[in-house]
Amino acid sequence: MQELPAGVALTAIAMAQERRLETERTDGLVHDTLAEIFVDQALASTAGTALSWMNDGLSLGDFCPAMGDFVALRTRYMDDRLLALVRRAAVRQVVIPAAGLDCRAYRLPWPAEADVFEIDFPAVIEFKQRALATADQVPSSRRTAIPADLRGDWTEALLHGGFDIHQPAIWVIEGLLMYLSGADAERLLHNVNAVAAPGSHLMADHAYPAALRNAAFALGRQTLDGNGSAFRTTIADPVGWLDGHGWSAGVAKPADLVSEHDRELPPVLDPRRPDAPIFWLATATKR
């Protein structure tokens with residue numbers, strides 16, 4: 001079994017566990033049958049001891065109740081808006097920086113001509129490719145994996161992978177920004193802007209400064225620190241930050257995330273709680 005990448009890549013396995021558990025629910029917001037393969041192969045690797053809690057069917061919410069159903073709600077929110085943009089705006093390119101072990105290219109119903117580009121560390125891509133080779137599934141879109149370090153310049157690799165710089169794209173930046181330094185986050189958005197045509201769309205989530213002082217979320221941050229994926233940045237004004245980079249943005253209202261689903265609002269999103277909400281989700285269009 002190949003080695004499991006360390007550090008932030010371990011969170012990719014934890015996210016796969018969230019999708020695995022959500023898929024097992026009769027009222028699941030996400031259906032991802034490949035998640036089980038990723039988790040099982042990760043547990044079978046030599047690094048599986050760091051993830052032994054998954055054998056007991058535990059979730060992030062068991063370690064940090066403040067998280068609740070946040071991952072499932074975030075994923076479903078982005079999935080729904082992603083597909084709506086593809087259908088309404090006829091955008092056919094989707095780029096997912098730090099795609100991790102999510103398989104939107106497989107689990108979402110894409111138009112036949114859609115192109116999904118997944119960017120992540122070479123070790124994560126290798127782990128994912130080997131696991132996918134054991135699965136009896138095919139993607140519902142054209143899928144291109146781009147091995148690259150997002151802290152550097154990955155744009156040439158994306159262009160060599162077939163990305164059309166002259167056509168708009170949808171950028172899905174999920175579960176990434178909080179693990180980057182401020183300089184790396186700026187560099188990431190600079191690189192996105194370098195290849196994103198006007199009219200492109202972006203979805204992103206990040207943490208408010210409250211995440212660093214919220215007692216209910218402290219255990220969650222300790223868990224992340226322990227596996228080498230500590231929070232490195234927060235952004236208090238997502239609309240202003242994105243606007244400064246040429247994107248017209250808006251932030252989702254927390255209540256909107258649960259209005260269509262029979263779920264409670266996770267404490268990390270609840271604006272009525274002290275030092276909350278902790279996370280924000282933004283959608284934006286490039287001017």
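This is a predicted model: local features need pLDDT of at least 70, side-chain atom pairs count only at pLDDT 80 or more; totals for chains, interfaces and linings use all residues.

User: How far apart are the end C-alpha atoms of helix α4, and what span should its 19 residues have?
Analyst: Helices (H or I, at least four residues) and strands (E, at least two) are DSSP runs, numbered from the N terminus. The expected span of a helix is 1.5 Å times one less than its number of residues, so the 19 residues of α4, residues 70-88, should span 27 Å. The end C-alpha atoms of α4 agree with this, as they are 27 Å apart.

User: At what angle do the axes of helix α2 and helix α6 cross?
Analyst: Axes are lines fitted to C-alpha atoms, for helices over the stretch in contact, and angles run from 0 to 180 degrees between N-to-C directions. The axes of α2 (residues 34-44) and α6 (residues 122-132) come within 10 Å and cross at roughly 115 degrees. Angles under 35 degrees count as roughly parallel, over 145 as roughly antiparallel, 65 to 115 as roughly perpendicular and the rest as oblique, which makes α2 and α6 roughly perpendicular.

User: Which residues of α2 and α6 make the contact?
Analyst: Contact means heavy atoms within 4.5 Å. On the side of α6 the contact is made by Phe127, Lys128, Ala131 and Leu132, and on the side of α2 by Leu34, Ile37, Phe38, Gln41 and Ala42.

User: Is Arg20 buried or exposed?
Analyst: Arg20 lies in helix α1, residues 9-24, and, leaving aside residues up to four places away in sequence, touches Ala35, Glu36, Val39 and Asp40. Buried means under 20% relative accessible area, exposed over 50%, and partly exposed in between, with a 1.4 Å probe and protein chains only. Arg20 has a relative accessible area of 14%, so Arg20 is buried.

User: How are the rings of Trp154 and Trp171 arranged?
Analyst: Rings of Phe, Tyr and Trp (its six-membered ring) pair if their centres lie within 6.5 Å, with planes under 30 degrees apart counted as stacked, over 60 as edge-to-face and the rest as tilted, and by this rule there are 8 aromatic pairs. The centres of Trp154 and Trp171 are 6.0 Å apart and their planes stand at 50 degrees, so this pair is tilted.

User: Where in the chain do Trp154 and Trp171 lie?
Analyst: Trp154 and Trp171 are both buried. The pair links distant parts of the chain, 17 residues apart, with Trp154 in the loop between β3 (142-147) and α7 (155-160) and Trp171 in strand β4, residues 169-173.

User: Which residues do ring pairs link into a cluster?
Analyst: Phe217 and Phe231 are both buried. The cluster linked by ring pairs consists of Phe70, Tyr179, Phe217, Phe231 and Phe279.

User: What is the phi of Asp275?
Analyst: Most residues other than glycine have a negative phi, and most peptide bonds are trans. Asp275 is found in the loop between α11 and β7 and is partly exposed, with a relative accessible area of 34%. Although Asp275 is not a glycine, its phi is positive, about 60 degrees.

User: Which two residues does a cis peptide bond join?
Analyst: Pro277 is placed in the loop between α11 (254-258) and β7 (279-286). With omega at about 0 degrees, the cis bond joins Ala276 and Pro277.

Technical notes. Residues are numbered from 1 along each chain as its sequence is written. Side-chain values use heavy atoms; hydrogens and water are left out.
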